[in-house]
Amino acid sequence: MISILARELQRRIAGQVRCFEPLSRHTTWRIGGPAELLILPQREEDILFCFEFAKRQGLPLHIMGNGSNLLVLDGGVKGMVLQTKSLQEVRVEGDCIWATSGAYLSHILKAALLNGLGGMEFFAGIPATLGGGLVMNAGTPQGTLGEVVKEVWFLGEDGRRLRLLKDELEFSYRRSSLKGKGVLLAASLQLYPQAPELTKEKARAVILKKKATQPLEWPNGGSVFKNPPGDYAGRLIEAVGAKGWREGGAQVSTKHGNFIVNLGGARARDVLILIDRVREAVFKTFGVALELEIE
């Protein structure tokens, strides 16, 4: 049945269709079972067709970007996974940058740098696509994507292509009103003139700090937990002695407590066990219930 659906899809779209593709190949954690159908669209028309196809066939539809904030379970994913990172169009429009949902934040930063625009340097080193980053309002203490977005275009759950201005969107800490509302297609970011040398200097400082404090040498999914109000998840995790805890191939990073790294062959089950152990220890010691930042 899946192979029949895959052949039909492949005849109708320009992008790739893969059956039972291990998602460990498509997440930064290098963890995850197979997707029944993985679609790598090459154009917006592919997304529109896949959206209608999934509804017509009664298939669950999941959207992913670079898989950088995502833990895919070992049993895999039923239905269709639409990975947008093949959609890499970026163009400068005055003080704004328009980009498709699959554009890497690093590519948008490079375009800003080359065109004398500031406002993207704080996202240096975040391995996310624009779509995934906007849906979860990715960012740093210096700024979030919700602060620079001007307007977005997305495919609503009813199949209509919609355009929303910033005032029609809601953003909060690692959250946005875009989540669960359909498929983000593109967005325009409002930046400002800035000397390229200054942008480069700010971005370099961000990268150096990340290299010094985060376990970038190991596959990981980014920060596992949200920071509780007025505190840092990493501080609480370190205070309970959890750094270095290990389960199978997964380990609570010895460099930063809010990262769980894949030392090799880690499974989602290993990560989930560590998540539960860390949560229990932090709650028992501090009475703080850590919330997940990863999906």
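Buried means under 20% relative accessible area, exposed over 50%, and partly exposed in between, using a 1.4 Å probe and protein chains only. The model is predicted: local features need pLDDT of at least 70, side-chain atom pairs count only at pLDDT 80 or more, and totals for chains, interfaces and linings use all residues. Residues are numbered from 1 along each chain as its sequence is written, and side-chain values use heavy atoms, leaving out hydrogens and water.

**Stop one: N69.** Select N69, in the loop between β3 (61–64) and β4 (77–83). Strands (E, at least two residues) and helices (H or I, at least four) are DSSP runs, numbered from the N terminus. N69 counts as buried because its relative accessibility is 13%. Now show E293: its backbone oxygen lies 3.0 Å from a polar atom of the N69 side chain.

**Stop two: T100.** Move to strand β6 (residues 96–100), where T100 lies. T100 has 11% relative accessibility, so it counts as buried. Then pick S188: it is 88 residues from T100 in sequence, but the two are 8.9 Å apart in space, C-alpha to C-alpha.

**Stop three: helix α8.** Select residues 268–286. Colour the buried ones: A268, D270, V271, L274, I275, V278, A281 and V282. They fall within an arc of 155 degrees seen down the axis of α8, so they line one face of the helix; the arc is taken from the directions from the helix axis to the C-beta atoms. On the other side, E280, F283 and K284 are exposed. End at G287, which follows α8 and has a positive phi, near 70 degrees.

Notes: A polar contact is a pair of N or O atoms within 3.5 Å; within protein, one must be able to donate a hydrogen and the other to accept it, and residues adjacent in sequence count only if both atoms are side-chain atoms. The expected span of a helix is 1.5 Å times one less than its number of residues.
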